[in-house]
Amino acid sequence: MRGSGIPIWFFIGVLLTAYGAMIFGYGVFEWVNVAHFGGQYPAGVQLTQLHTPVWWGGLLTALGVLYVVKFRPGRIK
Amino acid sequence: MFGLLTGSIAAGFPCSLPAMLLFNTEPLAHLRSLDVVVICLYFAMVLWIGFYLKGRTNTSEEFFMAGREMTAWIAGLSFVSANLGSLELMGWAGSAYQYGILATHWYWIGAIPAMLFLGLMMMPFYYVCKTHSVPGYLNLRYGEHARSVAAFAFAVEMILMSGVNMFAMAVVMKVVLGWDLNFSIIVSSLAVAAYVGLGGLRSAIFNEVLQFVLIWGGALLVPILGLVQAGGVGGLKTRIMQNLQTMSSTVAPDSYFHLWRDTGSFAANPMGVHWTGIVFGLGFVISFGYWTTDFLVVQRVLAAHNLRAARMAPIIGSFFKMAVPFIVILPGLLGLVLLQNPDGSHRQLVGEDVTAACTRATAGGLENSGACSAAMAKTNLSADVQQKVLSGAPDSELHTYNQALPLMMVRYMGPGLLGLGITALIAGFMSGMAGNVSAFSTVWTYDIYKPLIHKTGSDSHYVLVGRLSILIGVIVSIGAAYLVQQFHGIMDYVQALFSIFVAPLLATILFGMFWKRATRLAGFLGLLSGILFSASLFMWVKFNPAALATVALSPDAKPMAENVFRALWAFLFSAIVIVVTSALTKPRPVAELDGLVYGATKLPAEEPAPWYKREWTWAIVAVVIFAALNIIFW
């Protein structure tokens, strides 16, 4: 959107950052505690050995932070 | 390709939604607290955007046209996102499971040529005449009568579709998560009414762009992890061939991997379609009808800040559209080989008719084991699985084709990620509803209320009417959702509205935009008679299924073929009426057609731009990629 308002990309950045941080945090928790859960966790979920929440959450966070910084209010004229 | 409407046109998914309620006793997934937080955060963001934009939405131009200040990227993403609903994702993943990559036609030939044509050839006229809506263009070109027919048909269609969308979302949430139907309907409708009512089209567009990102963020993991587990594309292909060879099929297993090779005969491909129907019915009439005349999508492009952005928006959208099969078609194909029963055996999905026949009684066991047995006999389910289903054993529920995507999500997504995937589905549904009600509000206010009820209101009066019409539209949609819940058969008719309306509208607009000789009366009669003709064909097949062979020109044709051929005949009928009537009536002076018709309009000069920023450059790139994809998957 043109004009001086908050761009949509900023809203998207905020949401992706929040989602990424939560998912990444959970992924690390799951990885660290994998012995505690024992074997496959969460039950029924496949390919848990790839630790998807960690890298996907990290990716979302990085993308979100990039958007927040690049499109923060006041930066776009 | 056509949002919720894809179902009626192709997958048959929404029509059979009520059947999904019958069988499953256990939801497919259970949310953890982290998932719930992810979903709540989405609702909070949506409402934040609505409240924020309210302060920037004061005039009618801002409320209905988003101030006409969207960049090409935002308009383009919104344009393609307005069509990327959750039923679209689930329905086409199910279709890919059933028919293989033939389903991709609805994303490529069924979208790309039309999107490019809109950007390059039609946008100048829509944009230059400064219309607020597609019916508004008809008014300028053909007069009040044609506008009124289109406006009333469109308004009714939009509001009913919003209701169907609402009901569909509630059913999916019930099946996937076990949520109460009323809860889903009330929460989603309140959220949509709030953010669209507050921020108007701008809010709807913002949320569509947000939804687009969420869908990719939530759904992209499924094909990535699925390919890892299947052993890459080569592994997937090998395993699909092995699976299909064990099933009794009338077509060659490798026809699941070819877009065109086996479409020379209705009987040679799993979808039962012929290339003529795909090219002329889908690729021309249905596709052009939807992408170039359906106000729900065209409205997004009209909000662009200048003509170049308006022309670039559909072209940008075409690149993303070509990529969507990666998150829709591929998961369906992966589901063919990767889905497993709880005991580890290969899981086969079935049609809704089978799950409906195998409905479980409240006290356990089946309501009608005879009907269930007969229905399963027509499938490729193994004897063991059939026996388990008939005995009502735990973990023996059958799942439908349309559940392929949710089942794949549950397979790979743990806490947090599953919440993201479910949020993507919810966002898809809600933006679909928002698109319907925002388009309804504009057409109601500009094309019905203003010309027919109250011509001399102030600008703020029409903004108020727009806001109220959103509220009323949502209330009527809720009523429609409950109506569909009570009388399932209504769904067929509601969804048929689009396919009945689109072909005559396309003929009327194309002749109006590219033929100076087309007259006012011809436009009105062509539109009205085409709608009546198309409705007659629909009812004919509805009450006499044998008529399908006549409409689709082959006894081997399947219901999928009816939609494309009906559209083709309706287009030709309208075209003939317009040409004949125009020949018999007096044309408008060319001077009156300035800004409306090709050859009578002097387009404004665009600012000079380097070659890499010109719309023709990117349209050519899109055409090359489109051609390459069709050749690779020939």
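Guide: Start with a definition: the expected span of a helix is 1.5 Å times one less than its number of residues. Helices (H or I, at least four residues) are DSSP runs, numbered from the N terminus. This is a predicted model: local features need pLDDT of at least 70, side-chain atom pairs count only at pLDDT 80 or more, and totals for chains, interfaces and linings use all residues. Residues are numbered from 1 along each chain, with chains lettered from A and ligands numbered from 1 in the order written.

Visitor: What does helix α10 of chain B span between its end C-alpha atoms?

Guide: Only 24 Å for α10(B), residues 181-219. A straight helix of 39 residues would span 57 Å.

Visitor: Where is the kink in α10(B) centred?

Guide: On Gly200(B), with a kink of about 125°. The bend is the angle between axes fitted to the seven residues ending there and the seven starting there.

Visitor: How many of the residues of α10(B) are buried?

Guide: 32 of 39. Buried means 20 or more other C-beta atoms within 10 Å of a residue's own, with C-beta atoms placed from the backbone.

Visitor: New topic. How confident is chain B?

Guide: Its mean pLDDT is 85, and 92% of its residues reach 70 or more. pLDDT is the predictor's confidence in each residue, from 0 to 100.

Visitor: Where in chain B is confidence lowest?

Guide: In helix α1(B), residues 5-11, at a mean of 38. Where pLDDT is low, the predicted coordinates should not be read in detail. Confidence is highest in α27(B), residues 615-632, at 94.

Visitor: And what are the model's overall scores?

Guide: ipTM 0.92 and pTM 0.87.

Technical notes. Helix = DSSP H or I, 4+ residues; strand = E, 2+ residues; numbered from the N terminus. Buried ≥ 20, exposed ≤ 12 C-beta atoms within 10 Å, placed from the backbone.
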